[in-house]
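Trainee: I would like to learn how to read a protein model feature by feature. Where do we begin?

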Amino acid sequence: MSYLNWKKLGVIAGLSLSLTIAGCGQGNSNDESTANVSEEMEYTITGIEPGAGQTETNEKAIAEYESLAGWEQKTSSSAAMLTALGEAMEKEEPIVVAAWSPHYMFAKFDIKYLEDPQGVFGEEEHIATLVREGLKDDMPGAYTILDRFHWELPVLEEALLKAQEMDFDFEKVAQEWVDENQEIVEEWTEGVDSVDGTPIDLVLTPWDAESFSTNVAKIVLEQKGFNVSLTPVDPSVMFEAVATGDSDATLSPWMPATHGALYEEYEGQFEDLGPNLEGAKIGLAVPSYMDIESIEDLEPAE
């Protein structure tokens with residue numbers, strides 16, 4: 001039975017009960033609602049890849065929340081999770097999925113994070129811009145542009161949705177975004193003198209948001225005459241490259257938790273220009289039509 005039909009039946013049952021027990025059915029109806037929704041989902045979180053960091057955090061949540069006692073996490077892939085989410089929403093059925101921001105799922109689907117009272121998923125993070133020591137003196141124009149470079153989360157997620165619709169051709173999507181948002185680009189480049197082919201290397205993690213964002217930075221820098229190269233690497237190499245000066249900058253580190261240990265390892269060997277995006281987070285999400293707000297609103301498996 002779909003969640004929508006279940007809700008209709010729940011309303012009818014509640015009205016019938018109120019005829020015989022006036023004023024006494026409201027709290028029990030809510031308890032029954034969350035229990036039945038949890039049962040309908042078969043006490044299952046729809047997760048992503050088995051080896052993903054968030055998969056491990058989801059397992060920690062299952063272990064720590066009484067409301068998730070007896071639950072299981074179904075792992076497969078990010079693509080499979082998104083397919084399951086889309087299918088459930090077409091039928092207005094309940095589903096709990098692994099979610100993270102920035103991601104196009106929040107631009108494509110009307111979904112919401114469940115509150116995490118125990119803080120298993122951590123606080124909101126930001127994506128930082130780090131540059132090598134001496135960049136301000138060597139390339140003041142590039143330094144200024146990177147220092148001004150900043151995203152609003154909904155803007156970035158709309159761009160990621162477009163990237164998904166264009167088979168993740170980040171170079172093409174970034175170029176279209178720059179062409180359509182020259183007023184923002186002009187804010188980033190105001191007063192910056194053009195150069196003649198000065199080389200600059202940007203190192204990045206090969207994740208969707210970071211790939212799009214860094215491609216936009218590449219195009220903006222190229223408009224001012226820089227010869228930009230992009231180098232995708234693992235996070236540990238990313239920090240080392242900027243700290244040693246092998247690369248000039250990165251727009252990819254998630255702080256303070258995700259890459260916090262690497263940041264501390266190389267702290268003092270680079271300059272932190274602050275967030276280029278705020279509001280990054282991970283957690284569990286549900287469709288907005290589900291009448292629950294917190295992980296604690298779910299019910300344990302019997």
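Trainee: Which element gives the largest share of the lining of the second largest cavity?

Mentor: Helix α11 does, with three residues. The model is predicted, so local features need pLDDT of at least 70 and side-chain atom pairs pLDDT 80 or more, while totals for chains, interfaces and linings use all residues. Residues are numbered from 1 along each chain as its sequence is written, and side-chain values use heavy atoms, without hydrogens or water. Helices (DSSP H or I, at least four residues) and strands (E, at least two) are numbered from the N terminus.

Trainee: How many cavities are there of 30 Å³ or more?

Mentor: There are two. On a 1 Å grid over the protein atoms alone, a 1.4 Å probe fits in a cavity but cannot get out; a pocket is open, with protein on both sides within 12 Å along at least five of seven lines, and lining residues have an atom within 4 Å of a point.

Trainee: What classes of residue line the second largest cavity?

Mentor: Six are nonpolar, two polar and one charged. Ala, Val, Leu, Ile, Met, Phe, Trp, Tyr, Cys and Pro count as nonpolar, Asp, Glu, Lys and Arg as charged, and the others, Gly among them, as polar.

Trainee: What is the volume of the largest pocket, and which residues are closest to its centre?

Mentor: The largest pocket has about 670 Å³. Of its 22 lining residues, Ile 48, Ser 78, Trp 100, His 103 and Trp 207 are the closest to the centre. Helices α3 (53-64), α4 (78-90) and α11 each give two or more residues to this lining. By class, the lining of the largest pocket has twelve nonpolar, seven polar and three charged residues.

Trainee: Trp 207 is one of those residues. What kind of aromatic pair does Trp 207 form with Trp 254?

Mentor: Rings of Phe, Tyr and Trp (its six-membered ring) pair if their centres lie within 6.5 Å; planes under 30 degrees apart are stacked, over 60 edge-to-face, the rest tilted. The whole structure has 13 aromatic pairs. Trp 207 and Trp 254 have ring centres 6.5 Å apart and planes at 75°, so this pair is edge-to-face. Trp 207 is in the loop between β6 (199-204) and α11 and Trp 254 is in strand β9 (residues 254-255), so the pair ties together parts 47 residues apart in sequence.

Trainee: How do α8 and α11 pack?

Mentor: Helix α8 (residues 153-165) and helix α11 (residues 208-223) pack at about 100°, with axes 10 Å apart. Axes are fitted to C-alpha atoms over the stretch in contact, and angles run from 0 to 180 degrees between N-to-C directions. That makes α8 roughly perpendicular to α11 (65 to 115 degrees; under 35 is roughly parallel, over 145 roughly antiparallel, the rest oblique). Leu 156, Ala 159 and Leu 160 of α8 touch Asp 208, Ala 209 and Phe 212 of α11 (contact: heavy atoms within 4.5 Å). This contact of α8 with α11 has five nonpolar, no polar and one charged residues.

Note on methods:
Grid points are joined across faces, edges and corners, and a volume is the space filled by probe spheres set on the points.
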